[in-house]
Amino acid sequence: MAQDPQDIRRRINQFTTGNVLGYNRVALQVFGMLGHGKSSLINSSVSVVKDEEYQNVAGAGQSQGGITTSRHEHELTDALVMIDNRGFQKLAKKEIVEACAQLCSLRDIGEVSWKKDNLEVTLGQLPQKYTDRPRDLILPVLVYSAMFFLTADDTANMERLITNSFNITGIHPIVVITKCSADKVEEVKNKFGNLGAMKRICLENYTENNYERTEEKDRNILEFVNMCIQEAERVLKMRQNEDPQTRFITQATQQVERESEILREEKKTVNGSDKKSGCKPS
Ligand SMILES: Nc1nc2c(ncn2[C@@H]2O[C@H](COP(=O)(O)OP(=O)(O)OP(=O)(O)O)[C@@H](O)[C@H]2O)c(=O)[nH]1
Ligand SMILES: [Mg+2]
């Protein structure tokens with residue numbers, strides 16, 4: 001029998017991390033392509049979990065994307081926040097590596113950039129993040145609209161993102177397929193399943209044009225948040241005997257390696273084009 005939405009809401013509101021490993025909150029880090037409904041998912045979750053009227057707290061747009069350019073935190077409960085994010089333009093390697101830095105807790109809230117000086121940002125974060133351990137357990141949430149079908153290139157890039165998310169957090173991203181009245185919904189859902197993301201939910205967000213609350217939409221949103229809590233509980237249990245400092249050092253080292261590789265590749269490209277154009281390095 002389906003659970004009563006009020007029971008799910010109560011459970012969400014009562015959720016705590018139990019302060020395992022010093023984490024006192026769970027942060028749902030929302031990723032996704034431009035305009036696929038990340039901010040709308042946050043608006044919907046805030047309204048439904050708090051059982052308040054819809055408000056555009058995350059600044060969802062009317063365009064085809066590019067509205068959100070920085071990361072902002074939105075509180076669902078004292079122990080649960082959602083972090084809105086800049087949408088991926090192409091899901092290029094640079095964008096994926098920046099997503100990894102966020103998952104490793106090596107980025108503060110604020111502007112998101114895919115510039116090559118990101119390695120400097122990472123190195124600058126290390127001393128403080130080592131002594132002052134992050135209090136948020138970060139969980140990846142991947143938003144994808146059923147209006148788009150993944151091409152072979154998109155699929156390969158998504159696989160890279162999903163694998164990296166798993167390696168860093170120990171879980172596959174929770175996939176939210178938005179605009180689920182589109183006819184590609186089952187195909188998209190299967191694609192993500194084939195990439196290892198088994199926690200998937202298809203839903204319609206509340207939007208600026210369609211914000212009247214319905215039981216079905218509320219139920220799907222509550223089910224999504226509940227799924228996140230269950231994953232958080234699983235991760236906390238899995239990590240309870242780990243040494244957080246060792247974990248941090250391992251992840252930070254891997255992140256520095258990923259970012260160094262991007263720099264090396266860019267240098268190669270620049271050198272290659274210099275040679276072609278006959279420029280001599282200064
Ligand atoms: N029909 C329908 N429209 C949606 C849904 N989710 C979002 N939209 C619409 O899609 C457009 C983009 O939504 P946003 O929530 O701003 O998307 P975003 O991913 O935050 O976009 P950027 O921040 O610009 O990358 C807006 O016009 C929304 O109203 C949904 O589930 N169903
Ligand atoms: Mg947005």
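User: By class, how many residues of the shell around ligand 1 are nonpolar, polar and charged?
Analyst: The shell has three nonpolar, 15 polar and four charged residues. Ala, Val, Leu, Ile, Met, Phe, Trp, Tyr, Cys and Pro count as nonpolar, Asp, Glu, Lys and Arg as charged, and the others, Gly among them, as polar. This is a predicted model, in which local features need pLDDT of at least 70, side-chain atom pairs count only at pLDDT 80 or more, and totals for chains, interfaces and linings use all residues. Residues are numbered from 1 along each chain as its sequence is written, while chains are lettered from A and ligands numbered from 1 in the order in which they are written.

User: What makes a residue near a molecule, and which residues come nearest to ligand 1?
Analyst: A residue is near a molecule or strand if its C-beta atom, placed from the backbone, lies within 6 Å of it. Of the 22 residues around ligand 1, Gly-37, Ser-39, Ser-40, Thr-68 and Gly-87 come nearest. Helix 2 (residues 38-50) gives the largest share of the shell, three residues. Here helices (H or I, at least four residues) and strands (E, at least two) are DSSP runs, numbered from the N terminus.

User: How do you know whether Val-143 is buried or exposed?
Analyst: A residue is buried if 20 or more other C-beta atoms lie within 10 Å of its own, exposed if 12 or fewer, and partly exposed in between, with C-beta atoms placed from the backbone. Val-143 has 24 other C-beta atoms within 10 Å, so it is buried. Its place is in strand 5 (residues 136-145). Beyond its neighbours within four places in sequence, Val-143 is in contact (C-beta atoms, placed from the backbone, within 7 Å) with residues including Val-30, His-36, Leu-41 and Val-176. Met-33 lies 110 residues from Val-143 in sequence, yet 7.5 Å away in space, C-alpha to C-alpha.

User: What makes two strands a pair, and in what order do the seven strands of the open sheet stand?
Analyst: Two strands pair if DSSP finds at least two bridges between them. The order is 4-2-3-1-5-6-7, with mixed pairing. Strand 4 (110-111) and strand 7 (200-202) are edge strands, as each pairs on one side only. Strand 5 and strand 6 (residues 174-178) run parallel and are joined by five bridges, and Val-143 stands opposite Val-176 in strand 6.

User: In what sense does strand 2 pair with strand 3, and over how many bridges?
Analyst: Strand 2 and strand 3 pair in the antiparallel sense over five bridges. They form a hairpin with two residues between them, and His-74 stands opposite Met-82 in strand 3. Strand 1 is joined to strand 3 by four bridges, and these two run parallel. Four of the five residues of strand 3 (residues 80-84) are buried.

User: Why is helix 3 said to be largely enclosed by the rest of the structure?
Analyst: Nine of the eleven residues of helix 3 (residues 93-103) are buried, which means that the rest of the structure largely encloses this helix. Among the buried residues are Glu-95, Ile-96 and Cys-100.

User: What is the handedness of the crossing of helix 1 and helix 7?
Analyst: A crossing is left-handed if the near helix is turned anticlockwise from the far one by less than a right angle, and right-handed if clockwise. The crossing of helix 1 and helix 7 is left-handed. The axes of helix 1 (residues 5-14) and helix 7 come within 10 Å and cross at roughly 35°. Axes are lines fitted to C-alpha atoms, for helices over the stretch in contact, and angles run from 0 to 180 degrees between N-to-C directions.

Notes
Two residues are in contact if their C-beta atoms, placed from the backbone, lie within 7 Å.
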